[in-house]
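Biologist: Could we go through this structure together? Please start with any term I will need.

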Amino acid sequence: MNFSWEFIRDNIGYIISAAPMTLFLTVFPVIAGVVLGFGIALIRIHKVPVLSQLFGLYISFFRSVPLLVLLFVAYYGTPKFINFVFYGGVRKLSVINLNNTLIAIITLTLYSSAFLSEIIRGAFSSVDMRQHEAAHALGMTGFQTYWRILIPQAIVVALPNYFNFFLALLKGTAVVFTISVIDMMSAAKLQAEIGYRFIEAYVLVGVFYILFSVVFSRLFIFIEKKQKAGMGMSV
């Protein structure tokens, strides 16, 4: 069977129409995840009793279980959990009633927060904590010390790993097609099944993933250089 350029031409618009969902499923979790991850990292850095151990288990769980498995557990487990808690086990809710996109967003956010918390914790660990003591000696509060001294340095250290995680999640969101969320991968799969042009469909969507990865990589390099320049570091 010959490669069909007509299929590419006819379906490129449909793939593009699904691109905003792929970007949203990437951008929102890494923004919300870094907020959650920052809080988790601080709890673990300061070894808050009980919470530190609980979040250690949380991180271990989400970093050990494949994203696809997490999605399936959330998708098929949520109705069962709600039925058990609110309806005494009677089947009132099923996967048909779920907002698939919301399930995907929550799962991706929790998944991201586990990885990003460790990136943040590692970044803070790389900063010389004697600066904290020096700031305290100068009369700075704990908040001022973190905001003016520790966080700016930690950001520089964390940025490369943060950006790498962003790019990994961009590609990882392709698994949401398994719970019927229409992203670029889902769009490609649907069109491939309609026209029996699987190679063309997956090559097309692969090109889009490459383009997004290249664009974001260039943007991240620019941001990293600007951040380092602002800190007076060599770029």
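Modeller: Lys and Arg count as positive and Asp and Glu as negative, while His and the chain ends are not counted. The place of a charge is taken as NZ of Lys, CZ of Arg, CG of Asp or CD of Glu. The mean positions of the 17 positive and 9 negative charges of the protein chain are 8 Å apart.

Biologist: What kind of model is this, and how are residues numbered?

Modeller: This is a predicted model, in which local features need pLDDT of at least 70 and side-chain atom pairs count only at pLDDT 80 or more, whereas totals for chains, interfaces and linings use all residues. Residues are numbered from 1 along each chain as its sequence is written, and side-chain values use heavy atoms, leaving out hydrogens and water.

Biologist: How many helices and strands are there?

Modeller: The protein chain has eight helices and zero strands. These are DSSP runs numbered from the N terminus (helices: H or I, at least four residues; strands: E, at least two). The C-alpha atoms fill a box of roughly 70 × 55 × 25 Å along the principal axes.

Biologist: And what share of the residues is buried?

Modeller: Of the 235 residues in the protein chain, 40% are buried. Buried means under 20% relative accessible area, exposed over 50%, and partly exposed in between (1.4 Å probe, protein chains only).

Biologist: Is Thr 26 buried or exposed?

Modeller: Thr 26 counts as buried because its relative accessibility is 1%. Its place is in helix α1, residues 5–45.

Biologist: What does Thr 26 touch?

Modeller: Leaving aside residues up to four places away in sequence, Thr 26 touches Phe 166, Leu 169, Leu 170 and Thr 173. Contact means heavy atoms within 4.5 Å.

Biologist: New topic: which residues form the nonpolar patch on the surface?

Modeller: Phe 3, Trp 5, Ile 199, Val 203, Val 207 and Leu 211 form the patch, with about 610 Å² of accessible area together. Such areas come from the Shrake-Rupley method with a 1.4 Å probe, and for residues only the protein chains shown count as cover. Patch residues have over 30% relative accessible area and no salt bridge; like charges are joined within 9 Å, and nonpolar side chains (Val, Leu, Ile, Met, Phe, Trp, Tyr) within 5 Å. A salt bridge is a side-chain nitrogen of Lys or Arg within 4 Å of a carboxyl oxygen of Asp or Glu.

Biologist: Which helix gives the largest share of the patch?

Modeller: Helix α8, residues 198–230, supplies four residues, the largest share.
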